[in-house]
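The exercises below are each followed by a worked solution. Please examine the sequence and the structure before reading on.

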Amino acid sequence: AAAAAAAASSEKKFERALEKDRVKLAILDEAAVVCSTLSFSGSGMFARMTRQFDVVVIDEAAQAVEPSTLVPLCYGAKQVFLVGDPRQLPATVLSSIATDHSYDQSLFKRFEQCGYPIHLLKTQYRMHPAIREFPSTQFYAGELEDGPKMAAKTKRPWHNNMLFRPFVFIDVAGKEYRGGGMSWANDDEATLAVALVATLVKNYAELASGEKIGVISPYKAQVKNIRRRLAEALGEERARKVDVNSIDGFQGREKDVCIFSVVRAPAKGRGLGFVADERRINVGLTRSKSSLIVLGSAKALKGDDNWGGLVASARDRNLIVKPGCKDYKAFVAKHGATYDADDLSGSEDEPEEAVDTDEEDAYGAATGVEHGGDARGGSRGVKGHVHRPDWLVSSHLAVEAAEALRRNAGSPALPGVGADGFAAKGVEDELVSEAPGKVGDDYGGGGGDDDDDGEDPYAPEPETQTRSATRAKRTRASTTTQLVEKKTPEKKGGRATAAKEDTTSAPAAKRTRSSR
């Protein structure tokens with residue numbers, strides 16, 4: 001009796017399965033559009049269909065090996081569309097022997113290599129123009145274009161902070177190490193990445209409420225390293241809202257803010273490994289919508305064509321930030337704070353209505369060169385970013401100080417301003433980039449080799465020189481100073497201003513220039 005009951009039960013299950021298949025087949029025969037994976041399109045259900053497909057559209061065709069692409073083409077397709085990006089990740093093939101014989105090549109790539117006409121969809125609607133600029137130049141021959149008002153659409157409140165602009169390269173002098181197996185990790189970059197995420201989550205509620213932050217790394221060991229540190233810093237629940245994954249895990253996805261940890265910092269003469277693959281670089285740099293922060297060693301990366309191109313692009317746009325110490329938490333705490341520019345300037349006037357143009361929004365608001373802008377105070381920096389409020393001296397106050405100095409009068413209304421019209425203690429900040437020679441070395445901006453044997457322009461002056469300057473200062477205080485008044489050429493929109501030159505003490509004059 002038990003055997004008969006079991007046989008009856010099995011028969012009923014078989015009949016239900018057959019009925020389910022008949023219903024599915026009827027739906028497929030009546031459907032105008034059928035969606036399937038490449039592998040499932042080779043199943044028996046597709047083979048039993050009474051209709052053939054007029055058109056076959058294969059998405060992500062550049063990620064499929066050729067045999068897989070051929071499977072859905074067996075049903076009499078009259079027209080085939082291959083949609084994909086051969087400059088992003090290829091198909092995953094584990095066998096190195098198969099890869100050596102081009103098994104990882106897609107049918108899309110083969111057609112492209114054979115000269116078959118490719119239609120490029122060149123208008124992008126995802127990312128801020130500052131993020132799009134380098135991938136477009138490096139990987140798409142400069143052909144990518146932005147959709148209407150992309151700068152305005154991707155503009156966010158945190159862009160007013162120099163660490164969270166649309167694109168920033170943070171030069172981290174970290175050390176790579178094996179993190180288990182053949183994978184690599186970098187604790188310096190992991191610590192900085194966690195500090196950046198913690199500051200974003202703390203200061204911007206919209207980033208804390210949803211899964212809008214992504215941390216990308218090419219190596220699984222670094223992914224595990226960052227996940228562990230995030231859980232320790234934010235707690236398990238909040239850390240789960242931050243998506244930390246490999247480049248492969250981020251293919252086809254996007255986030256508002258992405259932090260890319262390059263990890264590799266090899267010694268001179270050693271390669272970067274598979275992280276130098278331009279397709280992986282392209283994917284990693286194009287996942288972000290509003291802000292992309294790249295953490296890497298400029299000195300180690302500049303030898304690679306693609307990574308060196310990224311460093312050079314960041315340098316040319318004044319978008320490189322270099323921490324001056326290893327205390328990355330303190331570094332981010334100091335420079336990740338937000339300031340109210342109106343409060344600091346003392347202005348109570350209503351701000352002018354901003355003109356919504358992509359040109360003005362492309363790199364953030366205007367700033368001076370010491371805060372990451374260009375030497376002309378152009379539009380490639382951060383509006384309102386002040387390292388310490390007491391450093392801020394308005395331009396009109398500086399003019400008053402110069403006029404008072406010309407009249408041989410002091411400037412008591414300007415606390416902290418020396419007799420030369422500049423801040424008494426100068427401005428010291430680890431973010432004042434590098435000396436001209438060093439910028440050329442680390443960021444590919446002109447000659448120089450990789451050694452550090454040259455003279456350090458930031459090294460303290462020799463003791464004898466310092467004492468000489470001190471004696472010169474004392475001498476100047478007790479002797480008559482000859483002042484030479486010069487007129488600067490009249491400029492358009494303003495009048496000539498008087499300037500004084502102290503010809504008594506050369507060391508003192510040198511010290512005055514350096515305080516600027």
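**Exercise 1.** Determine whether K149 is buried, partly exposed or exposed, and locate it.

*Solution.* K149 is partly exposed, with a relative accessible area of 39%; buried means under 20%, exposed over 50%, and partly exposed in between (1.4 Å probe, protein chains only). K149 is placed in the loop between β4 and α7 (150-153), where helices (H or I, at least four residues) and strands (E, at least two) are DSSP runs numbered from the N terminus. Its phi is near 55 degrees, a positive value in a residue other than glycine.

The model is predicted: local features need pLDDT of at least 70, side-chain atom pairs count only at pLDDT 80 or more, and totals for chains, interfaces and linings use all residues. Residues are numbered from 1 along each chain as its sequence is written, and side-chain values use heavy atoms, leaving out hydrogens and water.

**Exercise 2.** Describe the setting of S246.

*Solution.* S246 belongs to strand β9 (residues 243-246). S246 is buried, at a relative accessible area of 14%. Setting aside residues up to four places away in sequence, S246 touches I216, S217 and V223, contact being heavy atoms within 4.5 Å.

**Exercise 3.** Identify the residues that touch the most other members of the largest nonpolar core.

*Solution.* A nonpolar core is a set of buried Ala, Val, Leu, Ile, Met, Phe, Trp, Tyr and Cys residues joined through side-chain atoms within 4.5 Å. The largest has 36 residues, and those touching the most other members are L163, I170, L192, L196, V197, L230 and L295. Helix α8 gives the most to this core, with nine residues.
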